[in-house]
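Work through the exercises below with the sequence and the coordinates side by side. Try each task before reading its solution.

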Amino acid sequence: MLLFEHFGKDTELGNPVEVKLEQLSEALYCTPRNAKLILAKLQSEQLIVWLPGRGRGNRSRIAFKVDKEAYLIEFSQSLIEEGNYKRAFDLIGTHATGTLAKPKFLEWLDKQFGYKKGEAGEGQHPQDTLVFPVLKPPLTLDPAELLDSFDSHLIRQIFDRLLRFDVRQGSIVPMLAHAWSSNSCATEWTFHLRKGVRFHNGQELTSRDVKFTLERLQSGTANSWLMRGVESIETMGPRALRVKLSRPNRIFDRFMCSAAASILPYGFAGIEEANYWSLPLGTGAFRLISWSAGQIELAAFDAYFQGRPYLDSVDIVILPDDCALEMEGNAKVHHSMDTMRMYSYAKGEAWQEIEKLCQGCTMLIWNVSREGPQQSEALRRTVKMILHPGEMVAELGGERVLPAFGFRPETSSSHTVEPMRPERIRRALEESGYAGEVLRFACHPKYSEDSLWIMNRLSEWGISAEAADYESWPAADFCISGLVFPEDEVCEIEAYEHRDYIMNFYFDEERKKWITGRIDEAVAAETTEQRRMYLKEIEDLVRDEATVIFLHHRRISTFMHPSVRGVSLNSLGWIDFQNVWLE
């Protein structure tokens, strides 16, 4: 391909081109001797004809027998079939300029995604594999540092928690612990572990592993909020341990359902911590086989204590940024808001459509921890009125299906959408004292349409807003962000208390102290209704003073081939790999 780009692109295929050996070696970044070896190899593979010049004045000639575009597509496809996604994407990115190789390759690649039943060799069973693309790699597979929903989904495949929250039943069910209890004031919790649970290396799970995990989680990690108030963790033999708290927490068992509390092997199973996270070991339904810049491979864990998965393997392809936009809307497998979209054209193909309303919202959050015009509650309230969520949903459409007036769709669906009141906005803007300062806001690329709409709306009212790179969000005046509550109120508590979440950065110390106090009251409450009341106080505060402006709720959907069974979207908006099987 390098030779073709240098010497063949302006010549008809098969026509010889005069060239010096020195020019060839320069193009190939090698010595003339190595250039001769490469030319001999290419000629033996019927890719070129090399006619070396013999004697003084006779120049060498090269003729290309294969078109670069066709060869590039064929070569990249062979790399994909070998599982070498990164090299295939690198080749396309480097050599596809000036050809149609990239769109043709991506169209072919799209057909490789989905649920595959492999051919069985003699005496073997056919392998069932799920192959699907994502637009970004996981940030971490360390449960203690977990933040993103994609990371959470992968962690739930590789690791298990002490307990599991069953969304359908609305109750906590056993997982690694088969039984648990607390004292009457919920300051002491005891967990009893199952026998025979094994990590992926064959090592049996014991209370020592759980103690190691929880103490590590407690030590200043992003999710140490789960352990706030924990005074001590003690083992009571190999299969029981007790956690003592300094204050009541009647839902501490629910905290132990969090993916962030996934159990690791004691001392990282004797592996150096830095090496352990390249291929972490858990007790989950799938083992991590490989994790590279372009691909993640999972394989079913045969000894899984809750029964082996139906799928044999899962291959996750991480698309390069420059391929992501061209693949948008193509991939036949869609798993979350952060992966591929599948539009209505597929409906005519008799595929299964699975759809649900995302439990969470898209919102605007003000940075009230720094000085600036956003400190004015009157200005924040003015912007809240200008950014009318009903009009935003009506004008932008797409996945935005419900104007948001709170974190959860059920809150918003019962809310009456009031019309805009221009006179009221004008009065509020005057009262705010806004003097034309430029407001800097950070927006993730996936919210680019929302941000453009917001800038235009604010501009109509004389409010200047300037988009900043998303990475600069800690220094911005406000940020557009999405929040997913996959389960119950513990996810809501996480939104306020997670070390790395935006609200923890943007809220000032006085607000955070008040919120923490309400949360302590909530987890000590004896009933769900009382707990919801305390959390509603927090939501009402951030809504009423407009530190958070709710925008919209999104719909998530996926399309599946009719032969695929056991498919449902879990609380994170993903398909649980463990339950999928092929008819």
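Predicted model: local features only at pLDDT ≥ 70, side-chain atom pairs only at ≥ 80, totals over all residues.

**Exercise 1: cores**

Task: Find which residues have the most contacts inside the largest nonpolar core, then list what Phe255 touches.

Solution: 
- Step 1. Take the largest nonpolar core, which has 90 residues.
- Step 2. Pick Phe255 and leave out residues up to four places away in sequence. Phe255 then touches Trp225, Leu226, Asn249, Ala261, Val490, Ile493 and Val523.

**Exercise 2: helix H5**

Task: Which residues of helix H5 are buried, and how are they arranged around the axis of H5?

Solution: 
- Step 1. Locate H5 at residues 85-95.
- Step 2. Apply the cut-off: buried means under 20% relative accessible area.
- Step 3. Tyr85, Ala88, Phe89, Leu91, Ile92 and His95 are buried.
- Step 4. Look down the axis of H5. The buried residues fall within an arc of 160°, so they line one face of the helix.

**Exercise 3: strand S13**

Task: Find the strands that pair with S13, and state how many of its residues are buried.

Solution: 
- Step 1. Locate S13 at residues 295-300. Five of its six residues are buried, so the strand counts as mostly covered.
- Step 2. Take S12, residues 286-291. Five bridges join S12 to S13, and the two run antiparallel. Ser290 has Glu297 in S13 as its bridge partner.
- Step 3. Trace the link: a hairpin of three residues joins S12 to S13.
- Step 4. Take S14, residues 313-318. S13 and S14 also pair in the antiparallel sense, over five bridges. Here Gln295 stands opposite Val317 in S14.

Definitions and conventions:
Residues numbered from 1 in each chain as written. Heavy atoms only, no water. Core = buried A, V, L, I, M, F, W, Y, C linked by side-chain atoms within 4.5 Å. Buried < 20%, exposed > 50% of the residue type's maximum accessible area, 1.4 Å probe, protein only. Contact = heavy atoms within 4.5 Å. Helix = DSSP H or I, 4+ residues; strand = E, 2+ residues; numbered from the N terminus. Arc of directions from axis to C-beta. Pairing = 2+ DSSP bridges.
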